[in-house]
Amino acid sequence: MSEPRKVAQQAAMQIAAGGSAGFVEVCLMHPLDLVKTRLQLQTRGASLDPQFYNGVVDCLKKMYRHESFLSYWKGVVPPILAETPKRAVKFFTFEQYKKVFLFGSPTPTPVTFSLAGLSAGITEAILVNPFEVVKVSLQANKGKAPSTWSMTRQIVRENGLWGFNKGMTATIARNGAFNMVYFGFYHSAKNYLPESQDPALEFFRKLLLGFVSGTMASCFNIPFDVAKSRIQGPQPASGIKYRSTVATMRIVVAEEGWRALYKGLVPKVMRLGPGGAVMLLVYEHAYAYLQDRFPL
């Protein structure tokens, strides 16, 4: 097989494995992403709202009572449409960026993994931001949710095509920070912890590393996530309040205290802790299967 064909086949396998990982993770974890967004969009003045949420369980109960069980998957179509190619792009570009950040080392170092993760996160953020705008708009709706297409048309009607770039800087900061920690810790720690010959123990070793990586990355990037939700979500009737990432974070701290930058942390960790583990496991198993099925 010629070298260009080998490179193309390897890239196709990485993209297919990454897309599979994204699809599985979204379908399993979307309800917790929805809860996270609802909690992040709440402001102090909203406490008089009968649908004000006092935590993850309270949010799930009230959504079930007022909006039905299927409401847990509100806004799931944009992530499915976005996450499958998004994860494909993330894992593929991560593998490519690793080659860029070797800095003369024969093998990847923790710095290599971290910088490759940061770069992959920035790349996926640019591609996925329009879908994030639609998703947050759908998730913020507490009534009968409009269709994805209806919400898309509404955004274009109110803000033009430029509306899909809303919160781009916050999305870049959020995804870049998350993937820097996520890939940096997972691959560095995996190289230090000995691989087990027992398939079950090896499975749980990777599961634990993926869970810790997703949890650490979630704690690190959530202030940017809160800013992103505020910018992309409904603005006050008086006008646009949340504009840039840093300005939004300042407003949140000034009006609600610094802890408000960590709103939605519990459902985020509940989603991206196990979700991060699921993603890496699905990717690695799918990639290994494809390598066996289509040897280079």
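## Exercises on a helical chain

Asp225 and Arg174 are both buried. Keep this pair in mind as you work through the exercises, and remember that the model is predicted.

**Exercise 1. Describe the overall build of the chain: which elements does it have, and does its radius of gyration agree or disagree with that of a compact globule?**

Step 1: Start with the elements. The chain has nine helices and zero strands, so its pattern along the sequence reads α-α-α-α-α-α-α-α-α.

Step 2: Look at the extent. Along the principal axes, the C-alpha atoms fill a box of roughly 60 × 40 × 35 Å.

Step 3: Compare with the globule rule. For 296 residues, a compact globule would have a radius of gyration near 19 Å, and the chain has 20 Å, which agrees.

Step 4: Of the 296 residues, 50% count as buried.

**Exercise 2. Find the partner of Asp225 in a salt bridge, and say where the two residues lie.**

Step 1: Recall the general idea. Side chains of opposite charge can pair when their charged atoms come close.

Step 2: Check the distance. The side chains of Asp225 and Arg174 meet in a salt bridge, with 3.4 Å from N to O.

Step 3: Place the residues. Asp225 belongs to helix H7 and Arg174 to helix H6 (residues 168-192); they are 51 residues apart, and the pair links distant parts of the chain.

**Exercise 3. Which residues form salt bridges with Lys135?**

Step 1: Take Asp33. Its side chain meets that of Lys135 in a salt bridge of 3.0 Å, N to O. This pair also links distant parts of the chain: Asp33 is in helix H1 and Lys135 in helix H4 (residues 110-140), 102 residues apart.

Step 2: Take Glu132. The closest N and O atoms of Lys135 and Glu132 are 3.3 Å apart, and the two form a salt bridge. Both residues lie in helix H4, three residues apart, which is about one turn of the helix.

Step 3: Decide on burial, using the cut-off of under 20% relative accessible area. Asp33 has 3%, Lys135 has 5% and Glu132 has 3%. Therefore Asp33, Lys135 and Glu132 count as buried.

Step 4: Widen the view. Asp33, Glu132, Lys135, Arg174 and Asp225 are among the members of a network of salt bridges, which also includes Lys36, Lys228 and Lys268. A search of the whole structure finds 20 salt bridges.

**Exercise 4. Examine helix H7: where does it bend, and what is found at its start?**

Step 1: Begin at the start of H7. There, a side-chain oxygen of Asp198 comes to within 2.9 Å of the backbone nitrogen of Ala200.

Step 2: Follow the helix, residues 199-232, to Asn221, where it bends by about 55 degrees. A proline, Pro223, follows within four residues.

**Exercise 5. Compare Ser68 and Phe103: where are they, and is each one exposed or partly exposed?**

Step 1: Most residues other than glycine have a negative phi.

Step 2: Check the angles. Ser68 has a positive phi of about 85 degrees, and phi of Phe103 is near 50 degrees, also a positive value.

Step 3: Locate them. Ser68 is in the loop between helix H2 (56-67) and helix H3 (77-100), while Phe103 is in the loop between H3 and H4.

Step 4: Ser68, at 35% relative accessible area, is partly exposed; Phe103, at 59%, counts as exposed.

Notes: Residues numbered from 1 in each chain as written. Predicted model: local features only at pLDDT ≥ 70, side-chain atom pairs only at ≥ 80, totals over all residues. Heavy atoms only, no water. Bend = angle between axes of the 7 residues up to and from the residue. Polar contact = N/O pair within 3.5 Å; in protein donor to acceptor, adjacent residues only side chain to side chain. Salt bridge = Lys/Arg side-chain N within 4 Å of Asp/Glu carboxyl O. Buried < 20%, exposed > 50% of the residue type's maximum accessible area, 1.4 Å probe, protein only. Rg over C-alpha atoms; globule rule 2.2 N^0.38 Å.
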